[in-house]
Amino acid sequence: MLRAMVRERRLGPPATKGISSAARVLDDWYVAAQSQEVGRKPIARTILGIPLVLYRGDDGVSALLDRCPHRNVPLSLGRVEQGTLQCGYHGWRFDGSGACVEVPGLCGAGNKGTGRRVDAFPTREEDGFIWVYATAGPRPERDPYRFPHLRDPAYTTVRQTLDVDGTLHAAAENALDVLHTHFLHRGLFRSEGERNEIEVVVRRWPDRVEAQYIGEPRPEGLIGRVLAPGGGVVEHYDRFLLPCIAQVEYRLGDDAHIIASTALTPIADLRTRMFGVVTFRLRRLPPRVGGLAARVLKPLGMVILRQDAAMLAQQTRTIRHFGGEQYFSTEVDVLGPQILRLLRRAERGGRTESSEGPVEKTLRMRV
């Protein structure tokens with residue numbers, strides 16, 4: 001009887017299944033850092049909970065498991081010596097392949113460290129980012145994502161990095177969710193006023209999913225008025241590409257074209273780093289004036305990102321409190337369930353290349 005009374009007095013939320021949308025897709029590339037962050041001094045990074053050390057040696061940027069096999073000290077506490085990474089504890093040196101090339105103090109050939117090594121992860125430096133393949137050793141089967149229009153002189157590029165609380169799935173859904181912009185970003189992107197019924201075509205391939213919004217008027221928020229002051233109907237696509245790219249594209253005839261691509265790097269189950277790249281072209285402005293437009297748009301974009309980050313933090317805090325996620329989705333939650341399905345298949349190794357057309361469905365919604 002007393003035990004029953006104690007149980008009744010315990011304070012806590014209702015029971016929730018321990019469900020998580022965190023996904024561990026290891027056979028693909030993630031952004032670990034911006035190129036400018038990686039120099040001769042080693043830096044620590046984490047991808048999918050894997051601690052890594054990045055450094056720039058004689059052969060470019062390398063990524064090793066951030067643990068010296070000798071005495072378990074983080075290699076990121078060391079330094080670059082003779083183009084190799086030297087542990088800061090006992091001076092063991094490792095090359096970019098993870099092989100130990102010197103054990104100071106050992107006499108004879110043994111000091112070359114034959115047979116001693118640390119896991120090395122493939123790296124690629126592209127578009128100002130350091131990409132790391134999340135599986136050590138093997139040659140990757142695919143290339144990293146390439147951001148569009150970075151080398152097109154007609155386009156201006158704005159970059160931004162931000163850490164958010166939440167799974168990669170939650171961050172991707174937030175970036176590609178249309179309806180929350182009426183409320184969370186009221187006045188900046190959309191308003192809560194009169195809405196228009198439009199058609200949405202959702203297409204899913206084995207490695208990506210996109211939503212095309214047909215008949216959508218230009219968003220009436222501040223950013224929409226800056227990009228397209230004349231109004232009109234926009235071409236609007238939202239996309240997710242495995243394992244980590246969320247992309248929004250708007251085009252208003254020849255007047256404006258903007259593509260916002262975000263590489264989402266899962267640091268931990270409920271922590272994600274966002275590397276955002278926005279490229280845009282405005283016909284009424286010559287390319288040389290694009291930098292001025294970027295200086296205007298970037299602060300507005302950061303306001304939106306911070307609003308999203310604050311809401312994701314509240315969402316994650318609630319998930320932690322209840323001990324798991326609980327989602328009730330409708331068809332106007334256009335891409336969230338599709339993204340999770342892709343991540344789960346890729347996590348199980350079920351991603352396949354296919355020459356067939358996409359699976360397609362059409363729905364209607366009010367925006």
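Is Trp131 buried or exposed? Trp131 counts as buried, because its relative accessibility is 1%. Buried here means under 20% relative accessible area, exposed means over 50%, and partly exposed is in between, with a 1.4 Å probe and protein chains only.

Before going on, the basis. This is a predicted model, in which local features need pLDDT of at least 70 and side-chain atom pairs count only at pLDDT 80 or more, while totals for chains, interfaces and linings use all residues. Residues are numbered from 1 along each chain as its sequence is written, and side-chain values use heavy atoms, with hydrogens and water left out.

Helices (H or I, at least four residues) and strands (E, at least two) are DSSP runs, numbered from the N terminus.

Next, the aromatic rings. The structure holds 6 aromatic pairs. Rings of Phe, Tyr and Trp (its six-membered ring) pair if their centres lie within 6.5 Å; planes under 30 degrees apart count as stacked, over 60 as edge-to-face and the rest as tilted. One of the pairs is Trp29 with Tyr133, edge-to-face, at 5.4 Å centre to centre and 65° between the planes. Trp29 is in strand 1 and Tyr133 is in strand 11, so this pair ties together parts that are 104 residues apart in sequence. Trp29 is buried, with a relative accessible area of 2%, and Tyr133 is buried as well, at 4%.

Back to Trp131, then. Its ring and that of Phe147 have centres 6.3 Å apart and planes at 35°, so the pair is tilted. Trp131 belongs to strand 11 and Phe147 to the loop between strand 11 and strand 12, 16 residues apart. Phe147 counts as buried, at 5% relative accessibility. Ring pairs also put both residues in a cluster, made up of Phe129, Trp131, Tyr145, Phe147 and Phe275.

On a 1 Å grid over the protein atoms alone, a pocket is an open set of points where a 1.4 Å probe fits, with protein on both sides within 12 Å along at least five of seven lines, and lining residues have an atom within 4 Å of a point. Grid points are joined across faces, edges and corners, and a volume is the space filled by probe spheres set on the points.

The largest pocket holds about 460 Å³ of space. Of the 18 residues that line it, Glu173, Asp177, Gln315, Tyr327 and Asp333 lie nearest its centre. Helix 2 (168-176), helix 4 (290-322) and helix 5 (336-347) are the elements that give two or more residues to this lining. By class, the lining has 8 nonpolar, 6 polar and 4 charged residues. Ala, Val, Leu, Ile, Met, Phe, Trp, Tyr, Cys and Pro count as nonpolar, Asp, Glu, Lys and Arg as charged, and the others, Gly among them, as polar.

The second largest pocket has about 220 Å³. Its lining comes to 16 residues, and those nearest its centre are Asp28, Asp143, Tyr145, Leu242 and Pro243. This lining divides into 9 nonpolar, no polar and 7 charged residues.

What is the peptide bond from Leu242 to Pro243, cis or trans? The bond is cis, with omega near 0°. Pro243 sits in the loop between strand 15 (233-241) and strand 16 (245-252). Cys244 is buried, at 1% relative accessibility.

On cysteines, how many disulfides does a search of the whole structure find? The count is 0, where a disulfide is a pair of cysteine sulfur atoms within 2.5 Å. For Cys87, the nearest cysteine sulfur is that of Cys68, 3.9 Å away. Cys87 counts as buried, at 5% relative accessibility.

Last, two backbone entries. Asn72, in the loop between strand 4 (60-65) and strand 5 (79-81), has phi near 60°, a positive value in a residue other than glycine. Asn72 counts as exposed, at 52% relative accessibility. His149 has a positive phi too, near 70°, and is found in the loop between strand 11 and strand 12 (156-165). His149 counts as partly exposed, at 27%.
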